[in-house]
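Me: I would like to go through this model term by term, asking what each label rests on before I rely on it. Please set every value beside its cut-off.

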Amino acid sequence: MRDNPVSADLVTRAAKGDKHAWDALVERFVPLIWSICHRHRLGEAGADDVSQNVWLHLADQLDKIQDSAALPGWLATTTRRECLRVLRTARGQLATTYMLDAEVVADDQAGTAEQELLTAERHAALREAFAALPPSGQQLIALLLEDPPAPYAQISARLGIPVSSIGPTRRRCLDKLRRHPDIAALINTGDNCGG
């Protein structure tokens with residue numbers, strides 16, 4: 001994330017009022033926010049409240065962000081604080097009693113925020129790459145990922161392609177996914193980090 005020019009561009013454009021850039025930022029980072037809410041065991045209403053407040057805070061601060069690489073950390077910290085606020089409000093005095101414990105847990109888990117961010121970034125990149133596949137490729141990959149897996153004969157019948165074409169078509173789709181710029185950037189980053 002640190003050297004992601006796409007995120008830097010989105011932050012710059014969103015700060016200038018570009019709604020599409022703002023929407024893309026939300027889509028990219030909402031999994032991070034939701035994962036932190038989940039870790040704090042917030043229900044859907046509490047998580048919605050936290051998410052809305054985090055995005056409102058960001059909207060107020062977006063033009064002040066000088067280093068877009070700091071955005072994920074800012075979002076994670078703001079989300080944790082909002083989670084604690086919601087818990088404190090929802091549980092009243094009982095939450096205040098346990099607030100120190102919750103803050104210690106949140107601080108202990110702050111190291112996992114980077115991992116959650118990487119996971120969210122991978123998912124966003126995969127969604128982007130998957131959306132770039134032709135509809136027939138999307139259908140094939142979706143059928144191959146069903147649980148339980150669909151038999152090739154069933155896939156053949158549903159997509160109207162020969163059974164013998166499924167493997168090669170799958171390989172071409174996976175190659176397209178790997179070559180997509182967002183996925184390629186993650187693969188190259190992983191290679192550089194591997195030592």
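This is a predicted model: local features need pLDDT of at least 70, side-chain atom pairs count only at pLDDT 80 or more; totals for chains, interfaces and linings use all residues.

Me: What makes up the secondary structure of the chain?

Reply: Helices (H or I, at least four residues) and strands (E, at least two) are DSSP runs, numbered from the N terminus. By that rule the chain has 9 helices and 0 strands, and along the sequence its pattern reads α-α-α-α-α-α-α-α-α.

Me: Why is W55 called buried?

Reply: Buried means under 20% relative accessible area, exposed over 50%, and partly exposed in between, with a 1.4 Å probe and protein chains only. W55 has a relative accessible area of 10%, and is therefore buried. Buried residues make up 34% of the 195 residues in the chain.

Me: Why is R41 called exposed?

Reply: The relative accessible area of R41 is 72%, so this residue is exposed. R41 lies in the loop between α2 and α3, and its phi is near 60°, a positive value in a residue other than glycine.

Me: What makes the pair of W22 and W55 edge-to-face?

Reply: Rings of Phe, Tyr and Trp (its six-membered ring) pair if their centres lie within 6.5 Å; planes under 30 degrees apart count as stacked, over 60 as edge-to-face and the rest as tilted. For W22 and W55 the values are 5.8 Å centre to centre and 80° between the planes, which makes this an edge-to-face aromatic pair. The pair links distant parts of the chain, with W22 in helix α2 and W55 in helix α3, 33 residues apart.

Me: What makes up the largest nonpolar core, and which of its members touch the most others?

Reply: A nonpolar core is a set of buried Ala, Val, Leu, Ile, Met, Phe, Trp, Tyr and Cys residues joined through side-chain atoms within 4.5 Å. The largest has 24 residues, of which L25, C37, L42, V50, L71 and L75 touch the most other members. At least two residues of this core come from each of α1 (5–15), α2 (19–39), α3 (44–61) and α4 (71–108). Leaving aside residues up to four places away in sequence, L25 touches L10, V11, A14, W55 and L71.

Me: How do you know that V11 is buried, and which residues does V11 touch?

Reply: V11 has a relative accessible area of 5%, so this residue is buried. Its contacts, not counting residues up to four places away in sequence, are L25, L62, I65, S68 and L71. The C-alpha atoms of V11 and S68 are separated by 6.5 Å, although the two residues are 57 apart along the chain.

Me: How do you know that the span of helix α8 agrees with expectation, and where do its buried residues lie?

Reply: The expected span of a helix is 1.5 Å times one less than its number of residues. Helix α8 (residues 163–179) has 17 residues and should therefore span 24 Å, and its end C-alpha atoms are 25 Å apart, which agrees. The buried residues of α8 are I166, G167, C173 and L177. Seen down the axis of α8, these buried residues fall within an arc of 130°, so they line one face of the helix, the arc being that of the directions from the helix axis to the C-beta atoms. On the other side of α8, S164, R172 and R179 are exposed.

Key:
Residues are numbered from 1 along each chain as its sequence is written. Side-chain values use heavy atoms; hydrogens and water are left out. Contact means heavy atoms within 4.5 Å.
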